[in-house]
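This briefing sets out helix packing, overall composition and selected residues. Please view the structure alongside the text.

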Amino acid sequence: MSTHSLVYLVFGIVLTIALSFDLGLLSKKNKTISIKQALLQTFLWVGLALAFFVFLWAEGGLLAEESSGKVTNSSQLPLEFLSAYLMEWSLSIDNIFVFILIFNSFKVKEKHYSRVLLVGILMAIVFRVIFITVGVALVAKFAWLLYIFGAFLVYTGYTMFTANEDEQFDPHDSKIYHFLKRFLPLVNHDGDGKYVIRENGRPAYTTLFVVVILLAAIDLVFALDSIPAVMGISKDPMIIYTSNIFAVLGLRSLFFLLRGAVTKFDYLQQGIAIVLVFIGVKMLGEHYVNEWMSKPTQVFISLGVILVCISGSIFYSIFMNKKGTPADVQDETVN
């Protein structure tokens, strides 16, 4: 068995055990998730990702040998994984903000949050695996696609940085919802936790079914940014698959942990935008960058930029919110 095959096997085993633990002990039906449980689940998924990073580091030498010269340093793939995971994890916070809008728009009861999120995220993983497989195959055959991805990331980062905060996504106005409404018989209730019910002898689809489809579809839209960004960090399919899946599976616990605080990170979007522009520019100039900078050095720089931009934007958001509190309170008092 090759080392790459061993890594996939370990990843599959860890994922199966973690999902069983998550479903069996931490996700009972019709039960709300407390902040303590969400924190435990978040530690579980982040801890597993970091443990996988350590495992990759331990197997780094053998992985480098199997890469036929594509990997020049035993620490390259582990650091690529860590960079890609952090990139995906930070983008997940943007996903969560949209998820909150969807749940509020369709008035989903809190007791259904956990199961609906789980089904939606598992569907999102299937779509992402398909998307990544197609993307990797296309890039392997048409290398010039990376330049298109790079230009797309630069454009996305620019539009994200300059986006109008007053523009808010409305799930009921989305093309996906209108498509479902046109072709499926929908009802305006949750069917007491069911996704499909029978009305007048015919199947009808509840709001929970609509929410699940929207969650999976919206995540796929976000993947149009995140997967090209990860390809800008690593070309290894193993790194792309594992970093994406670890980050997406952590979405549910992150949702419960941050749903009350996610709007406090006002400048996170700008931090993510800078990272996307950086990776896009790096992809566009990859030929010249490779001539005067080694791949491990590029990975270190990418990891540093991601850490500085994401952590910096979060801390700056917290600082600005605290700084603005007295003024807000004063205004309310005056009014």
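In this predicted model, helix α5 (residues 113–141) and helix α9 (residues 237–249) have axes that come within 10 Å and cross at roughly 160°. That angle makes α5 roughly antiparallel to α9, where angles over 145 degrees count as roughly antiparallel, under 35 as roughly parallel, 65 to 115 as roughly perpendicular and the rest as oblique. Axes are lines fitted to C-alpha atoms, for helices over the stretch in contact, with angles running from 0 to 180 degrees between N-to-C directions.

**Packing of α5 and α9**
- The crossing of α5 past α9 is right-handed; this term applies if the near helix is turned clockwise from the far one by less than a right angle, and left-handed if anticlockwise.
- From α5, the residues I121, L122, I125, R128, V129, I132, T133 and V136 meet P237, I240, Y241, N244, I245, V248 and L249 of α9, contact meaning heavy atoms within 4.5 Å.
- By class, the contact of α5 with α9 comprises twelve nonpolar, two polar and one charged residues (Ala, Val, Leu, Ile, Met, Phe, Trp, Tyr, Cys and Pro count as nonpolar, Asp, Glu, Lys and Arg as charged, and the others, Gly among them, as polar).

**Packing of α4 and α10**
- Helix α4 (residues 76–105) and helix α10 (residues 251–258) have axes that come within 9 Å and cross at roughly 65°.
- The residues making the contact are W89, S92, I93, N95, I96, F99, I100 and F103 of α4, together with L251, L254, F255 and L258 of α10.
- Ten nonpolar and two polar residues, with no charged residues, form the contact of α4 with α10.
- As α4 passes α10, the crossing is right-handed.

**Overall composition**
- The protein contains 13 helices and two strands; helices (H or I, at least four residues) and strands (E, at least two) are DSSP runs, numbered from the N terminus.
- Of its 335 residues, 49% count as buried (buried means under 20% relative accessible area, exposed over 50%, and partly exposed in between, with a 1.4 Å probe and protein chains only).
- Among contacts between residues at least 6 apart in sequence, 80% join residues at least 24 apart.
- The protein exposes about 16,900 Å², of which carbon and sulfur atoms supply 65%; accessible areas come from the Shrake-Rupley method with a 1.4 Å probe.

**Buried residues**
- T207 lies in helix α8 (residues 207–233) and is buried, with a relative accessible area of 11%.
- Leaving aside residues up to four places away in sequence, T207 touches F106, V187, N188, H189 and D190.
- S174, in the loop between α6 (145–161) and α7 (175–183), counts as buried at 9% relative accessibility.
- The C-alpha atoms of S174 and L214 are separated by 9.1 Å, although these residues are 40 residues apart along the chain.

**Positive phi values**
- Most residues other than glycine have a negative phi.
- K107, which is not a glycine, has a positive phi of about 50°.
- K107 lies in the loop between α4 and α5 and is exposed, with a relative accessible area of 70%.
- D192 also has a positive phi, near 55°.
- D192 is placed in the loop between α7 and β1 (196–199) and is exposed at a relative accessible area of 60%.

**Basis of the values**
- Residues are numbered from 1 along each chain as its sequence is written, and side-chain values use heavy atoms, with hydrogens and water left out.
- Local features need pLDDT of at least 70 and side-chain atom pairs count only at pLDDT 80 or more, whereas totals for chains, interfaces and linings use all residues.
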